[in-house]
Amino acid sequence: MIRNIWLLLIFAVFGVVSVFAQENIDTEETTPVDTICFKYDFKKGDQLIYKVESRDSIVIDWGVPLIKERKEKLKVVCDSAKPGMFYLSLVLTDFISYESSGAMKDVIRKSSPWLNRKVQICIDSLGKRLSSNYSDSLNYANSNGGPFQPYMFFNLGSTCKLINQSWMVKGEDIIPENCIPPSIIRSSTLFRLAKPIDTLNYACNQINFVKTGQGSFYARTSEQSIKSTVVINSGGHIRFSKELNIPVNFFQTIEQKINLIQNDNKENEQKNNVNHFINCNFSLESFTRNQKK
């Protein structure tokens, strides 16, 4: 009798172990892989308004720093779209800057040669730049953050990754949204897919990145020529709406070491070393989609 009871207990224990083992096997087999896909996706007539908040610290030849707090609005319109190709126009519509340097405190500046300057870029679904165009090419102008400030549309290099997976992208970008004539930046970017996040009332996929690179800019007028080269170290994140595949939030902090050469065309050359630090945050303020088909 006792032997039978022990046999029953042994079989019961093995039965419980077997159940737990089977549950673990089933759980491992059915666990979904955390693969997330992301891309740029626009429709003709899409209009996106971004609130852009930036903080600049500019030091020229190790002098007194100039501190700027900028508040801007950027309008992005999809002029046309083809499968995997998007023609976007970008216009800075609003600008105000609070500037301080030494004894000068909180000087307000509202005028900018970059206001209402329209530029156009064509990108594919990964953000790779295919072409660019800009109006008023005869009049040189710089954006308020300079020719190498953060720009939101760049090559992601991939469309699907595992959470916490990293990948590297190298390339060269022509940046007409920063200046005319446009600057050129050659960079290496290490991306890492982060966990999804809810922000600005959108469920978003999030990609973190670290970017290093070099850039150049050259402009010549009847009065002077300007040439600058830069070494860039930066990092940040970009967040895409899961539903719409449009950028909802973009943040980048960037350190620029710039060599600036200015010449007044009379053999009077001025050279400066410039350190320019920027924290820049783009937030989607409104999105309008043309519902006509």
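Trainee: What makes E10 the element with the largest share of the lining of the second largest pocket?
Mentor: This is a predicted model. E10 gives five residues to that lining, the largest share. Strand E10 (166-175) and strand E12 (183-193) are the elements that give two or more.

Trainee: How do you know which residues belong to the lining of the second largest pocket?
Mentor: A lining residue has an atom within 4 Å of a point of the pocket. For the second largest pocket 14 residues line the space, and Asn155, Val169, Gly171, Glu172 and Asp173 are the closest to its centre. The space itself is about 160 Å³.

Trainee: What is the volume of the largest pocket, and which residues are closest to its centre?
Mentor: About 600 Å³ of space lies there. Its lining has 24 residues, with Ile58, Asn142, Ser143, Gly146 and Pro147 the closest to the centre. By class the lining holds 13 nonpolar, nine polar and two charged residues.

Trainee: Why is E8 called a strand, given that it covers 141-142?
Mentor: A strand needs at least two residues; E8 spans 141-142, and therefore meets that cut-off. Strand E8 also supplies at least two residues of the lining of the largest pocket, as do E2, E3, E15, E16 and E17.

How values were computed:
Residues are numbered from 1 along each chain as its sequence is written. This is a predicted model: local features need pLDDT of at least 70, side-chain atom pairs count only at pLDDT 80 or more; totals for chains, interfaces and linings use all residues. Side-chain values use heavy atoms; hydrogens and water are left out. On a 1 Å grid over the protein atoms alone, a cavity is a set of points where a 1.4 Å probe fits but cannot get out, and a pocket is an open set with protein on both sides within 12 Å along at least five of seven lines; lining residues have an atom within 4 Å of a point. Grid points are joined across faces, edges and corners, and a volume is the space filled by probe spheres set on the points. Helices (H or I, at least four residues) and strands (E, at least two) are DSSP runs, numbered from the N terminus. Ala, Val, Leu, Ile, Met, Phe, Trp, Tyr, Cys and Pro count as nonpolar, Asp, Glu, Lys and Arg as charged, and the others, Gly among them, as polar.
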